[in-house]
Amino acid sequence: DGKRIYLSNVNGSIKVFALVNDLYVAAQSFPLPRVDLKERKEEIPAGLAVAADGRPLYVAANLSNRLLELDAEKGTVLRAFDVGVAPYDVVLAGDKIYVSNWGGRRPDPTSVTGPAGRGTTVRVDPVRFIANEGSVSVIDLASGKPLSELLLGLHSSAMALSPNGRHLAVANAGSDTVSVIDTRRDRVIETIS
């Protein structure tokens, strides 16, 4: 409703600003759950999305590879969803939520891996040892269950939903491409150079 602004803070919190007498002023800070990494204890929040009713606030928790659903008034964690590696952006589309993952899918025991950021690992190309994929996690909000994880270009990052909600554009920064996802079928229908 325009009365609050949420800001990701690299120091492990969400800063909240409230509209008071036509000015936004610092109102509160929501600390995020700490991560258990050797090199860092504070989460790094990235993309944010607020539900249409203004109640849940969704946060891409970059270091713990999760999407956090927070109470938008109190900052308490309501639910947490596992997503891919280094989630970056969050977009709500109807009853689903899309999360772009810089590092693609989580590694499995057979994956060749390398370091990603502050103590996490990512699937890498076995020759060049750089991240070899990006992805978008799709979660059903009602059940909280993952629906799919779509493989895209390298370093999937910013996303934009078409006005009618039928297409989601995802920037793949490391591939210099944009993937277009059909949100009705959750399939990539085009890759634009």
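Of the 193 residues in the chain, 45% are buried (under 20% relative accessible area with a 1.4 Å probe, protein chains only). The model is a predicted one, in which local features need pLDDT of at least 70 and side-chain atom pairs count only at pLDDT 80 or more, while totals for chains, interfaces and linings use all residues. Residues are numbered from 1 along each chain as its sequence is written, and side-chain values use heavy atoms, with hydrogens and water left out.

Along the principal axes, the C-alpha atoms fill a box of roughly 55 × 45 × 30 Å. The chain exposes about 10,100 Å², of which carbon and sulfur atoms supply 53% (Shrake-Rupley method, 1.4 Å probe).

The secondary structure comprises zero helices and 17 strands (DSSP runs, numbered from the N terminus: H or I of at least four residues for helices, E of at least two for strands). Four strands form an open sheet in the order β14-β15-β16-β17, with antiparallel pairing (pairing requires at least two DSSP bridges between two strands). β14 (156-161) and β17 (187-192) stand at the edges with a single partner strand each, so one side of each has no neighbour in the sheet. Within this sheet, strand β16 (residues 177-182) is joined to β17 by five bridges, and V180 has E190 in β17 as its bridge partner.

Technical notes. Buried means under 20% relative accessible area, exposed over 50%, partly exposed in between (1.4 Å probe, protein chains only).
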